[in-house]
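The following paragraphs go through a protein model, beginning with a term that is needed later and ending with a single residue.

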Amino acid sequence: MAAGRREELLELAYAYVREHGLSDLSLRPLAAAIGSSPRVLLFLFESKDGLVKALLARARAEELALLDGLPASAGLTAASEAVWRWLSADAHRPLLRLWVEAYARSLLSPSSGPWSGFAAATVADWLAVLAAAEPDSPGALVRRTAALAILRGALLDLLATGDVDRTTAAVHRQLQTL
């Protein structure tokens with residue numbers, strides 16, 4: 001029963017943080033918004049940090065599940081273009097804003113707290129997604145790293161400006177150089 005309630009509250013909390021973010025997360029408003037209490041959240045997640053870790057894991061799982069549909073062995077450029085289509089889709093903005101927030105917090109607290117390791121793990125996740133699109137060869141990791149840099153830089157620009165046309169044109173142009 002507790003496991004089912006934990007998952008239910010995790011999903012509700014996840015929807016809440018996608019809308020409100022994690023930076024100023026307070027248990028009282030969160031609990032009130034999702035029909036629970038701070039005490040129940042602490043019981044189910046052991047601490048606020050435990051809840052944040054569970055929310056970050058949930059966000060990573062959603063991100064990877066959505067990217068799982070990339071065409072295998074399509075080539076790095078085609079896979080990167082598919083990733084960009086996913087990244088630039090308006091429907092994914094709440095998840096991606098949450099990702100940026102968690103990534104930045106992880107850079108500020110790389111070895112402690114609930115954010116610990118999130119940035120490094122997400123780099124590994126995305127490089128693995130891109131690796132599935134091309135066989136290993138000399139220079140492949142460097143090309144994947146360049147593709148990832150192009151995608152993430154354009155993503156930050158897109159989230160800041162909302163300019164899909166400009167950022168998409170820049171991504172297309174840069175990916176052709178890989």
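This is a predicted model: local features need pLDDT of at least 70, side-chain atom pairs count only at pLDDT 80 or more; totals for chains, interfaces and linings use all residues.

A polar contact is a pair of N or O atoms within 3.5 Å; within protein, one of the two must be able to donate a hydrogen and the other to accept it.

The overall architecture comes first. The protein has 9 helices and 0 strands, and its pattern along the sequence reads α-α-α-α-α-α-α-α-α. Taken along the principal axes, the C-alpha atoms fill a box of roughly 55 × 35 × 30 Å. Among contacts between residues at least 6 apart in sequence, 63% join residues at least 24 apart.

Next come surface and charge. The accessible surface is about 9100 Å², with 58% of that area belonging to carbon and sulfur atoms. Of the 178 residues, 41% count as buried. There are 18 positive and 19 negative side chains in the protein, and 4 Å separates the centres of the two sets.

The residue to look at is Ser106, which sits in helix H6, residues 93-108. Is Ser106 buried or exposed? Its relative accessible area is 3%, and since buried means under 20%, Ser106 counts as buried. Leaving out residues up to four places away in sequence, Ser106 touches Trp115, Ser116, Gly117, Phe118 and Ala119. With Trp115 there is also a polar contact: a polar atom of the Ser106 side chain lies 3.0 Å from the backbone oxygen of Trp115, within the 3.5 Å cut-off given at the start.

Conventions. Residues are numbered from 1 along each chain as its sequence is written. Side-chain values use heavy atoms; hydrogens and water are left out. Helices (H or I, at least four residues) and strands (E, at least two) are DSSP runs, numbered from the N terminus. Buried means under 20% relative accessible area, exposed over 50%, partly exposed in between (1.4 Å probe, protein chains only). Contact means heavy atoms within 4.5 Å. Accessible areas come from the Shrake-Rupley method with a 1.4 Å probe; for residues, only the protein chains shown count as cover. Lys and Arg count as positive and Asp and Glu as negative; His and the chain ends are not counted. The place of a charge is taken as NZ of Lys, CZ of Arg, CG of Asp or CD of Glu.
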